[in-house]
Amino acid sequence: MSLPKIQVMVVDDHKMFVEGVQAIFSDSSHIQVVKTVHDGNEVMKSIENTPNLDIILLDINLPNINGLELTKLISKKYPAIKILILSMYNNAEYIKEVLKEGASGYVLKNTDHEELLNAIQSVFAGNQFYSQSVTQTMMNSFAKKSQRNNTDILQVKISKREKEILSLIIKEHTAQEIANMLFISLHTVETHRSNLMSKLGVRNSAGLVRVALENNLV
Amino acid sequence: MRDKTHNPLVDARLHLLWIIALSVFFFLSKSPISIAQTDSTKVNTSVKNLLYHALKEASKTNNNELIAEIYQRLGAYYESESRQDSAINFYQKSTTLFKSLGKELLYHDLLVRLGILNDQVFNYKFAISYLKEATSYYKKNKMYLPYVKAMNQLGEVYSHIDDDVNARQCFIATLEVNNNILKDTHLIIENKILIIQNDIKTDNLDRALSLAMHNNKVAQRFGNESMLAKTEYQLGVLYFKMQNLDKAKDYLEQAEPHFLKNEDYISLQSLYKLLTQSYIELGKKDSIKPTLDKYFAVVDKIKNTEIVKSSQEIAQKFDSEKKDEVIQQLENENELKTINSRQQKTIIYILIFSFIASILVVYLIYNNYINRLKTNQIIAQQQSELRDKQLKQVEQESQIKAMESMLMGQEAERNRIGKELHDSLGATLSTIKLQMSSSPGNDHPEGHSMKKAKEMIDEACEEVRKISRDMMPITLTKYGLHTALEELIDKYNFEGGPNVIYQAFGIIQHDNKDLDLFTYRIIQELVNNCIKHAQAQEIIVQINYLEDLMIITVEDDGNGFDFENTQYQGMGLKNVEYRAQYLKGKFSVESSPGVGTIMVVEIPINKNHQPNQSSSFA
């Protein structure tokens with residue numbers, strides 16, 4: 001083998017897991033685990049003491065300094081070292097944050113040998129790598145985001161019951177009448193109505209009627 | 001948040017008010033001058049106030065006819081107060097409404113009033129156009145009496161602008177109708193007086209004289225004193241103009257006692273003036289002085305009346321500043337009673353009046369009685385409620401203390417378990433999987449069961465992740481309630497089952513960590529509950545922040561349940577109730593089979609006490 005091995009550091013407070021990772025790469029021809037760290041506090045010092053480090057496998061949930069903080073510190077101080085997050089959390093906000101701070105990939109801990117190998121190699125080659133379910137989580141979150149930013153009234157979901165109440169308000173029924181007609185309490189009618197008003201951005205029943213009619217909501 | 005509803009009681013009250021206003025008005029317009037002036041002014045003001053009040057009430061309804069009628073009454077009121085501008089204004093409003101309502105007759109009658117008033121304020125152009133419209137309407141509909149009156153009025157307006165030709169035409173047209181159709185002697189005499197006036201003005205003195213003589217004869221035969229006086233006076237004027245002073249003097253002297261009897265001071269004023277001039281020119285020195293004295297006496301009398309009238313107006317203006325007070329007084333019927341007692345001369349009016357007053361009294365007493373009954377009830381209710389409330393509050397406070405430690409304990413325990421699961425069990429499972437995937441047995445015939453085992457470990461990992469997330473919502477502490485809820489809802493949707501939608505409106509930032517945590521827990525419980533029991537297609541979760549209130553609603557379109565009659569209150573909903581109570585909020589469920597369920601939690605935001613943070617969340 002003429003190629004030098006990829007130098008990897010594993011940061012995880014769960015010793016058994018670290019040993020597992022070490023074990024599967026112990027006879028690898030491409031990858032070498034050169035250092036393992038269990039405490040967030042020791043990470044920066046260890047990097048300093050480990051020359052030629054290529055990749056850090058970094059857990060998020062760590063004692064003292066967590067993975068999110070560490071990602072920020074490392075990518076600032078050692079931009080050449082690639083960071084691959086290896087975490088239990090499949091959580092859109094975490095994923096977004098670490099990627100923003102400079103991590104190159106995100107792999108869930110229930111990964112297998114093959115995936116982990118792929119991840120390390122593609123991150124080393126300068127690409128980004130995410131587990132499939134991480135990709136899924138991020139896609140969902142982006143879809144959600146674009147939906148949330150849409151302030152169009154037509155995008156607001158109005159429940160069946162709210163629609164019923166809206167149409168009765170348009171027909172000029174009083175709250176008490178509506179309550180009687182739908183067999184619900186007056187209070188609930190008022191709740192629905194104030195929800196509707198917030199939802200459609202109006203301040204009174206007249207506004208409700210106007211917006212409802214303008215947008216064909218009922 | 002209350003709707004303005006159409007209340008039959010309001011209508012009834014309105015009508016009653018209306019009746020009172022009308023009656024008082026009627027009473028006033030017919031009442032003799034003997035009412036003490038101040039009282040009359042007060043009542044006048046009250047009429048106005050009542051009318052305005054009636055107008056206000058009527059405007060709330062859409063009863064245009066009633067509104068038009070009130071406008072008309074207001075116009076009439078101002079007319080009676082000689083405030084022509086206001087009268088014209090209200091009459092105009094009224095005509096517009098009557099016209100749109102298709103009340104032709106009322107409309108045209110009002111046009112006549114408008115004509116007269118505009119004439120008085122020198123708006124002759126308007127006066128003419130109003131009166132023309134009215135006369136042509138009356139003529140078309142063969143309404144001769146109003147036609148005659150309006151036509152004469154029109155003629156008078158024409159004379160005021162010295163358009164004597166048109167004026168004469170009007171009077172002649174009236175005379176035709178009078179002679180041929182109405183045949184009312186009184187009207188005919190009056191009509192002829194107008195024509196004679198017109199002739200005198202245009203110097204057609206001969207024609208005037210023959211008509212005046214004739215007219216005087218008719219009046220004599222007819223025996224009406226005021227008519228007789230007028231015709232005699234007119235003859236006097238005519239002879240004076242013809243310089244036949246003796247005859248002028250005779251007729252004027254004849255007319256004098258008749259005018260006196262009718263208390264027609266205005267006419268007397270001109271009569272004495274003319275008579276004095278006649279005496280002077282005839283050289284009857286003895287008669288000059290007494291006639292002049294009489295003239296000044298009459299002028300004084302007229303002036304006095306004017307002074308009284310203007311002082312009345314001033315008093316009324318002063319009173320209108322105390323408008324509300326007077327309304328109050330009138331409604332308390334004391335006012336009406338005092339006036340009533342002074343009305344001793346005219347028993348019939350007292351009777352009418354006391355009848356109205358008694359209706360008012362009965363109504364007010366009844367109203368008062370009902371109100372007092374209600375008030376008492378409310379007070380009693382409030383008192384017992386207050387007592388209950390106080391008791392409850394004491395109970396609640398101790399409950400809240402207990403609840404606080406329970407909830408905080410629960411939270412801490414969940415946190416611990418979540419962390420434990422996540423950190424040790426999760427990591428262990430991950431390690432096992434990693435080891436298996438790297439074992440050489442991968443291509444072994446046993447590979448199939450190996451693969452199966454790996455899948456099972458994946459499932460176990462996922463399960464651990466889920467449980468720990470439920471136990472310890474890290475997104476919540478780090479990224480806030482709404483991100484955490486979005487994530488929670490996403491997971492629900494990802495797992496299949498009903499479609500869950502989450503919406504938040506008017507988000508208010510606050511520092512109460514407990515509020516966010518418990519809100520999250522509440523929604524978690526409620527949605528779990530729906531998923532488990534409701535068999536819904538869709539669940540809608542909403543948080544609506546009002547000024548000082550947060551409303552959480554969870555709606556589903558599932559099969560619903562009978563909340564009262566089932567032992568549905570499992571641990572989940574009980575927990576929601578505890579948390580809501582702890583946050584001083586309310587939790588309610590409304591469900592009926594087949595319709596779906598709506599669960600509402602309302603939590604006050606500002607009033608929320610900051611629970612002590614001693615309980616740790618390690």
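Let me start with strand 5 of chain B, residues 596-604. Eight of its nine residues are buried, so the strand is largely enclosed by the rest of the structure. Buried means that 20 or more other C-beta atoms, placed from the backbone, lie within 10 Å of the residue's own. Strands here are DSSP runs of E, at least two residues long, and helices are runs of H or I, at least four; both are numbered from the N terminus.

Some ground rules. This is a predicted model, where local features need pLDDT of at least 70 and side-chain atom pairs count only at pLDDT 80 or more, while totals for chains, interfaces and linings use all residues. Residues are numbered from 1 along each chain as its sequence is written, and chains are lettered from A and ligands numbered from 1 in the order in which they are written.

Back to strand 5 of chain B. Which strands pair with it? Pairing requires at least two DSSP bridges between the strands. Here B:I551 has B:E602 as its bridge partner. Strand 4 of chain B, residues 586-592, is also antiparallel to strand 5, over seven bridges. There, B:S588 stands opposite B:V600. Strands 4 and 5 of chain B form a hairpin with three residues between them. In that turn, B:G594 has a positive phi of about 90°.

Next, helix 13 of chain B, residues 265-282. Its 18 residues should span 26 Å at 1.5 Å a residue, and the end C-alpha atoms are 25 Å apart, which agrees. The expected span is 1.5 Å times one less than the number of residues. Among its buried residues are B:L268, B:L271 and B:Y272. After the helix comes B:G283, with a positive phi near 75°.

Now chain A. Helix 7 and helix 9 of chain A pack at about 90°, axes 10 Å apart. They are therefore roughly perpendicular, a label for angles of 65 to 115 degrees.

Last, the interface. How many residues of chain A are in contact with chain B? The count is 38, against 44 residues of chain B. Contact means C-beta atoms, placed from the backbone, within 7 Å. Helix 9 of chain A gives the most to chain A's side, with seven residues.

Definitions and conventions
Two residues are in contact if their C-beta atoms, placed from the backbone, lie within 7 Å. A residue is buried if 20 or more other C-beta atoms lie within 10 Å of its own, exposed if 12 or fewer, and partly exposed in between; C-beta atoms are placed from the backbone. Axes are lines fitted to C-alpha atoms, for helices over the stretch in contact, and angles run from 0 to 180 degrees between N-to-C directions. Angles under 35 degrees count as roughly parallel, over 145 as roughly antiparallel, 65 to 115 as roughly perpendicular and the rest as oblique.
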